[in-house]
Amino acid sequence: WEHYLSCDGIPDPTVPQEINTFMSLWREDQDEDVQLVMEKGETVLNLIEKLQLLLMDTPTGEITAKEAVQYQESIVELQDLLHQKYNEATQHLLKVTSMYEDSETGNMQAVIKDKNVTFCIWVNLKKKVRFKNHVFSDAQHGFDVPKSLVLNSAAVRILHTCYDHVSPLWLHVVSLKETSKNTEYVNETEEETEKKSVILDRSSQGIWFGFVCSITEVLLLSVVEEAGDKEEAAAAANLVDLQQFLPVGGVFHINALQLPPQVMEVNDWTMVELVDVGLEVYPYSPEEAEDATESIIQITLRLPDNVVYFDSPVVARWDPEAQQWRTDGISTVKYEAQEKSITFEMGGFYTVALLQDAHLNMPYKAWELQPTGVDEALLVVTTSLAKIQIQIKGNQCMLSSVAVEEENVLSHMTGKWMSPATLRAALKRAGVNIFPGDCSHNYVPVTRKVSATVKGFPVGFYHPIFHFLFTLSCLKTWGPEHMCVLPAEAVREHLEADSVQDNNWSLYMFNGQKAQKLKITETSEAFSEEIEEDSEFHSTLYHLLKDFASKAAMDKVEGASCLFTDVVYQLLLTTRVLTYS
């Protein structure tokens with residue numbers, strides 16, 4: 001309904017007729033100006049984001065498999081169309097190189113950028129032998145010009161997109177490979193069954209002969225497979241595991257391009273030869289260079305200001321055939337944290353990304369979840385590298401601050417209300433990942449948790465957040481089931497006094513099946529499971545807290561908005577503070 005009332009001409013991405021018409025009209029549009037592509041590209045990125053949020057946020061029962069496939073196909077088509085338009089705009093720009101000729105070098109250079117894309121292009125017009133490198137002053141990206149390019153008419157483009165439309169293809173390929181492997185396994189099993197049945201029907205002499213042939217075949221195969229395994233292991237060592245690493249800061253498309261036929265002025269006529277081949281890649285062959293050092297290309301990239309790199313990023317190149325990120329072919333990486341730049345050498349022109357360990361901020365050092373008002377709360381997650389504060393209000397959440405070494409970063413994201421899914425995606429893009437994945441336990445040395453505890457944790461935990469403050473117990477080394485809870489009345493008193501007294505904390509134990517209040521306190525010297533006097537076992541923390549909270553407090557808990565509790569629930573599930581602390 002909101003989309004209908006807007007009347008802005010932007011299609012509804014969930015309606016196939018509207019999104020297909022939008023894409024068809026843009027494909028036919030012959031206006032190939034880079035600036036116009038950037039403006040239209042922002043609309044395309046918004047459409048892609050809407051579809052992605054629908055796939056992430058919509059409950060399984062509310063979206064059909066057909067709709068999910070349709071949304072995924074629309075996302076891929078929009079991504080391909082956007083990149084195609086940038087290629088068409090590049091080709092159009094290369095036809096009018098004289099308009100952007102640099103007065104000092106005689107070559108063409110141009111930098112066009114907006115908040116999503118930085119478009120840098122350099123064209124070798126003068127072919128000066130002594131020309132060694134070039135730096136785009138407006139973007140601070142630079143490169144060394146190989147000798148083969150210095151002597152030829154060629155162009156170098158660095159297209160930096162703040163979004164990543166490359167990595168998701170890797171996940172799609174993996175699912176296809178797993179499906180094909182399962183199919184192959186079924187086929188092989190059926191063939192083996194048929195062969196075994198034939199052998200069993202033969203005479204004893206035939207069975208012996210078949211056995212000898214089988215053993216010989218197995219021995220030969222084992223030798224071949226052993227050699228193949230070594231090669232595969234060496235190749236696999238260069239592949240990037242996207243469950244362990246995340247691309248941060250977008251993607252850099254670095255290309256060497258051929259020049260199309262140039263525009264010529266004849267009398268009052270402007271003429272250009274029309275070719276229907278599209279943007280052509282320059283045939284750069286490092287193997288043809290006489291000196292191996294001349295084939296190496298040195299690239300310097302200015303890192304984006306809107307992301308956080310906690311350590312030297314891993315530089316990876318995209319392999320279009322294998323549909324994976326690789327680290328081979330890249331060497332001599334030099335990271336300058338103060339200057340926010342990275343320099344490396346490549347054996348060719350590739351699409352590259354800067355990757356960061358997805359689990360740098362795990363396990364967490366501490367966490368705290370406290371009410372701050374009616375349907376309001378504050379989630380604070382402290383890691384070894386940063387302190388993240390997320391404010392919750394109603395059905396939305398907001399990044400309050402991210403402090404790294406006592407300095408606030410990501411100011412462009414703070415103070416903006418958004419859904420939990422949007423916040424999660426934005427933080428991961430910015431390099432601050434506090435959202436473990438399904439395989440994160442393979443990379444993070446966390447204490448093994450009782451699965452029932454983790455699954456039951458949000459059920460009895462998020463509902464009373466309106467009047468109870470939760471935090472990580474200092475006794476966490478005694479077991480995975482302990483947490484501290486401060487009664488609501490004390491929370492309000494100490495919040496007003498801006499302090500929290502240690503002796504006001506109570507210790508509770510919950511194992512997924514029963515919850516109980518312990519007799520010990522945070523200052524106890526030894527752990528004991530002895531329960532508090534006059535306390536009973538309960539199935540959830542919520543019912544246990546009812547025994548100790550005032551009626552007025554529980555009445556306010558009961559009156560909390562379901563939208564608010566749902567946001568708290570989502571944040572607790574995605575951050576998994578209980579497991580990764």
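Contact is taken here as heavy atoms within 4.5 Å. Helices (H or I, at least four residues) and strands (E, at least two) are DSSP runs, numbered from the N terminus. The model is predicted, with local features requiring pLDDT of at least 70 and side-chain atom pairs counting only at pLDDT 80 or more, whereas totals for chains, interfaces and linings use all residues. Residues are numbered from 1 along each chain as its sequence is written, and side-chain values use heavy atoms, with hydrogens and water left out.

Helix α2 (residues 16-28) comprises 13 residues and reaches 18 Å from its first C-alpha to its last, close to the expected 18 Å at 1.5 Å a residue; the expected span is 1.5 Å times one less than the number of residues. Its buried residues (under 20% relative accessible area, with exposed denoting over 50% and partly exposed in between; 1.4 Å probe, protein chains only) are I19, F22, M23 and W26. Viewed down the axis of α2, these buried residues fall within an arc of 90° and so line one face of the helix, the arc being that of the directions from the helix axis to the C-beta atoms. The buried residues of α2 pack against α3 (34-57) and α4 (65-94), while Q17, L25 and E28 are exposed on the other side of α2.

Seven of the 10 residues of helix α8 (residues 420-429) are buried, so α8 is largely enclosed by the rest of the structure. Buried positions of α8 include P420, R424 and L427. The buried residues of α8 pack against α3, β17 (387-393), β18 (396-404), β20 (417-418) and α13 (562-575). Just after α8, G431 adopts a positive phi of about 90°.

An open sheet of seven strands is arranged in the order β1-β2-β5-β6-β14-β10-β11, with antiparallel pairing; two strands pair if DSSP finds at least two bridges between them.

Residue S167 is located in helix α6 (residues 167-200) and counts as buried at 7% relative accessibility. Not counting residues up to four places away in sequence, S167 touches L242, P247 and W325.
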